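The following report describes the fold and packing of one protein chain. Please consult the sequence and the model alongside the text.

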Amino acid sequence: MVDSMGKPFFLPVLTYIFCTFLAFSNLNGLAEELPPTEALLQPHFNVGYQVLDFKYVKDQFESILTVAVWYPTTAKPKTHNYGWMTRGEVALDADPLTEKEPYPMLVFSHGYGGSGLSAVFFTEQLAARGWIVVAPDHHDRHSAVRIHTNQKKDFNRLEFLRQAK
């Protein structure tokens, strides 16, 4: 997602947080050693994307937890349709970049009715800045979208809204 200026919408928030950090951390010249804010906010990596399925046993029944993963890579990204109207720029199943490891990791846990793809606009941007982002599909009773199946054909919008109370 971008703002009216064509920049990712969270850049002003990150800039504010970073500038606040600089204002309070100017001890022993720390702020003078940090790179400019714009340099920190620019993407530095290509983004890889994989979908992983993990088997687990719960109440003597085997289930699968599907997880979407975004990460830094050297592979060239291409336009990818995650499903329905959601598109991004990722290198599918590319090898992770290991030269500058370790990378910070964030687990994105979607809200009711969402999926691991609920924040693609955010997960791709984090991976482009050196993060590994893991987003599982929870087994909600009602979900509009799933990582593997995209839009659910049998999705009951009325029942979804009733359960969301």
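Is Tyr-82 buried or exposed? Tyr-82 has a relative accessible area of 4% and is therefore buried, where buried means under 20% relative accessible area, exposed over 50% and partly exposed in between (1.4 Å probe, protein chains only).

This is a predicted model, in which local features need pLDDT of at least 70 and side-chain atom pairs count only at pLDDT 80 or more, while totals for chains, interfaces and linings use all residues. Residues are numbered from 1 along each chain as its sequence is written, and side-chain values use heavy atoms, with hydrogens and water left out.

Helices (H or I, at least four residues) and strands (E, at least two) are DSSP runs, numbered from the N terminus. Six strands form an open sheet of mixed pairing in the order S3-S4-S1-S2-S6-S5; two strands pair if DSSP finds at least two bridges between them. S3 and S5 each have a single partner strand and stand at the edges, so one side of each lacks a neighbour in the sheet. From one strand to the next, the twist averages 40 degrees. S3 and S4 run antiparallel and are joined by 5 bridges; Lys-78 has Val-90 in S4 as its bridge partner.

Helix H4 packs on this sheet, touching S1, S2, S3, S4, S5 and S6, and its direction makes about 50 degrees with that of S2. Contact means heavy atoms within 4.5 Å; axes are lines fitted to C-alpha atoms, for helices over the stretch in contact, and angles run from 0 to 180 degrees between N-to-C directions. The buried residues of H4 are Val-120, Thr-123, Glu-124, Leu-126, Ala-127 and Ala-128. Just after H4, Gly-130 adopts a positive phi of about 100 degrees.

**Nonpolar cores**

A nonpolar core is a set of buried Ala, Val, Leu, Ile, Met, Phe, Trp, Tyr and Cys residues joined through side-chain atoms within 4.5 Å. The largest has 14 residues, and those with the most contacts inside it are Val-47, Tyr-49, Ala-68, Trp-70, Tyr-82, Val-90 and Leu-117. S1, S2, H4 (120-128) and S6 (132-136) each supply at least two of its residues, and H4 gives the most, with 4 residues. A second, separate core of 6 residues includes Val-67, Tyr-71, Ala-91 and Ala-94.

**Aromatic pairs**

The structure holds 4 aromatic pairs. Rings of Phe, Tyr and Trp (its six-membered ring) pair if their centres lie within 6.5 Å; planes under 30 degrees apart count as stacked, over 60 as edge-to-face and the rest as tilted. Two of the pairs are set out below.

| Pair | Centre to centre | Angle between planes | Type |
|---|---|---|---|
| Phe-45 and Tyr-103 | 6.0 Å | 85 degrees | edge-to-face |
| Trp-70 and Tyr-82 | 6.3 Å | 50 degrees | tilted |

Phe-45 lies in the loop between helix H3 (37-41) and S1 (46-58), and Tyr-103 in the loop between S4 (86-92) and S5 (105-107), so that distant parts of the chain, 58 residues apart, are linked. Both Phe-45 and Tyr-103 are buried. Trp-70 in S2 (residues 61-73) and Tyr-82 in S3 (residues 78-83) tie together parts that are 12 residues apart in sequence. Trp-70 is buried at 0% relative accessibility. Tyr-49, Trp-70 and Tyr-82 form one aromatic cluster.

**Thr-66**

Thr-66 lies in S2 and is buried, with a relative accessible area of 10%. Its side chain makes a polar contact of 2.7 Å with the side chain of Asp-53; such a contact is a pair of N or O atoms within 3.5 Å, and within protein one must be able to donate a hydrogen and the other to accept it, while residues adjacent in sequence count only if both atoms are side-chain atoms.
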